[in-house]
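Hi there,

Here is the structure I promised to pass on to you. Please have a look at it first, and then read on for what turned up.

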Amino acid sequence: MNLRDKILYLMERDQIPSVAELSRSLNVPYKTMDNLLKREHFENVKFDTLRKLCNLFHVDLRYLCFDEITDPDFEKHTNNNQAETPPTLFSFSQDEKQLISDYRSLNEQGQAVVRDHMEMVAATPKYKKCNNISIEKHA
């Protein structure tokens with residue numbers, strides 16, 4: 001099932017009657033969506049368009065990108081604890097999700113402080129993860 005087939009299926013599933021309605025829902029030009037649905041190859045689809053499709057249809061990016069994934073709810077079956085969260089290409093731990101949430105709650109100045117501090121911490125060797133081989137070399 002290719003990208004075009006999946007989009008058409010999702011439009012039917014979510015009762016989106018036309019490409020014009022889909023493009024309005026995505027805030028993507030009609031011509032972009034119309035051309036996408038006429039293609040045989042999908043190598044040059046913009047990530048932003050794919051992201052908007054994922055958000056609109058509540059599907060994982062991998063569902064749209066990989067022809068062999070045919071279940072739009074496959075991510076919900078593999079990660080039952082994340083069924084309520086928006087789809088994402090990456091899996092985050094609860095701590096990582098909390099860090100992202102906290103960061104997004106800050107104003108620009110607060111975010112800049114966090115980035116500066118994170119850069120300093122990341123550059124400090126004692127805070128780096130290391131494997132056993134590098135530990136043995138330094139012992």
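A contact, as used below, means heavy atoms within 4.5 Å. Please keep in mind that this is a predicted model, where local features need pLDDT of at least 70, side-chain atom pairs count only at pLDDT 80 or more, and totals for chains, interfaces and linings use all residues. Residues are numbered from 1 along each chain as its sequence is written, and side-chain values use heavy atoms, with hydrogens and water left out.

Let me begin with the helix pairs. Helices (H or I, at least four residues) and strands (E, at least two) are DSSP runs, numbered from the N terminus. In helix 1, Leu-3, Arg-4, Ile-7, Leu-8 and Met-11 meet Leu-36, Leu-37 and Lys-38 of helix 3. By class, that contact has 6 nonpolar, no polar and 2 charged residues (Ala, Val, Leu, Ile, Met, Phe, Trp, Tyr, Cys and Pro count as nonpolar, Asp, Glu, Lys and Arg as charged, and the others, Gly among them, as polar). The axes of helix 1 (residues 3-13) and helix 3 (residues 30-38) come within 8 Å and cross at roughly 120°. Axes here are lines fitted to C-alpha atoms, for helices over the stretch in contact, with angles running from 0 to 180 degrees between N-to-C directions.

Helix 2 (residues 19-26) packs against helix 4 (residues 47-57) at about 100°, their axes being 10 Å apart. On the helix 2 side the contact uses Leu-22, Ser-25 and Leu-26, and on the helix 4 side Lys-52, Leu-53, Leu-56 and Phe-57. These residues divide into 5 nonpolar, 1 polar and 1 charged.

For the chain as a whole, there are 9 helices and 0 strands. Of its 139 residues, 25% count as buried (under 20% relative accessible area, with exposed being over 50% and partly exposed in between, using a 1.4 Å probe and protein chains only). Among contacts with a separation of 6 or more, 51% are between residues 24 or more positions apart.

Cys-54 is in no disulfide, and the nearest cysteine sulfur, that of Cys-65, is 6.9 Å away. Cys-54 is buried, at 6% relative accessible area, while Cys-65 is partly exposed, at 41%.

Best wishes

Definitions and conventions: A disulfide is a pair of cysteine sulfur atoms within 2.5 Å.
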